[in-house]
Amino acid sequence: MDEIDRKILAELQDDGRLTVTELAERVRLSVSPCHRRVRALERSGVISGYHAHLDSSVLGLNFSAWVFVTLREGDRGAVGAFEEAVARVPQVVQAQRLFGEPDYLMRVVERDLPAFQRLYDEHLAALPGVQRLTSTLVMKDLINDRPLPL
């Protein structure tokens, strides 16, 4: 990856809807070489997809929490069952497996506190293998979906 590839990635992180023509102009390349570079970045997996950033508050999802999860057991079966079940909870918008305690960190969005409480009691606490859940409520998002440093 060279400096031109980094410029392409920076521009696409800023605006993924750029046409190849607009992108080529911004990185000072002709259209064909720019297009080839973008395709190569996609094939290599550096660019894994394109998506729209949605405003959660406009969609009525005004409540956000970080949920820390500790599993009873850490064997492959317990981990697999938990991860498969979490993948089916649409309100979990981010999840990471961690080293040490806790085992997982999940970002959860909901309409409001009562909706989060129902989700917590009926779905999150019922996930397979859960020993303990701890939540921290988000007061304010400062940085969200920041572009990767190139």
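The expected span of a helix is 1.5 Å times one less than its number of residues, and helices here are DSSP runs (H or I, at least four residues), numbered from the N terminus. The model is predicted, so local features need pLDDT of at least 70, side-chain atom pairs count only at pLDDT 80 or more, and totals for chains, interfaces and linings use all residues. Residues are numbered from 1 along each chain as its sequence is written, and side-chain values use heavy atoms, with hydrogens and water left out.

Helix α1 has twelve residues, which should span 16 Å; its end C-alpha atoms are 17 Å apart, which agrees. Its buried residues (under 20% relative accessible area, 1.4 Å probe, protein chains only) are Asp5, Ile8, Leu9 and Leu12. Seen down the axis of α1, these residues fall within an arc of 95 degrees, so they line one face of the helix. An α-helix has 3.6 residues a turn, so residues three or four places apart point the same way. On the other side of α1, Glu3 and Asp14 are exposed, a term that stands for over 50%. The cover over the buried residues of α1 includes α2 (20-27) and α3 (31-43).

Helix α5 (residues 113-124) also has twelve residues, yet spans only 14 Å between its end C-alpha atoms. Its buried residues are Ala115, Phe116, Leu119 and Leu124. They fall within an arc of 100 degrees seen down the axis of α5, so they line one face of the helix. These buried residues pack, with heavy atoms within 4.5 Å, against the strands (E, at least two residues) β1 (63-71), β2, β3 and β4 (130-137).

Key. The arc is that of the directions from the helix axis to the C-beta atoms.
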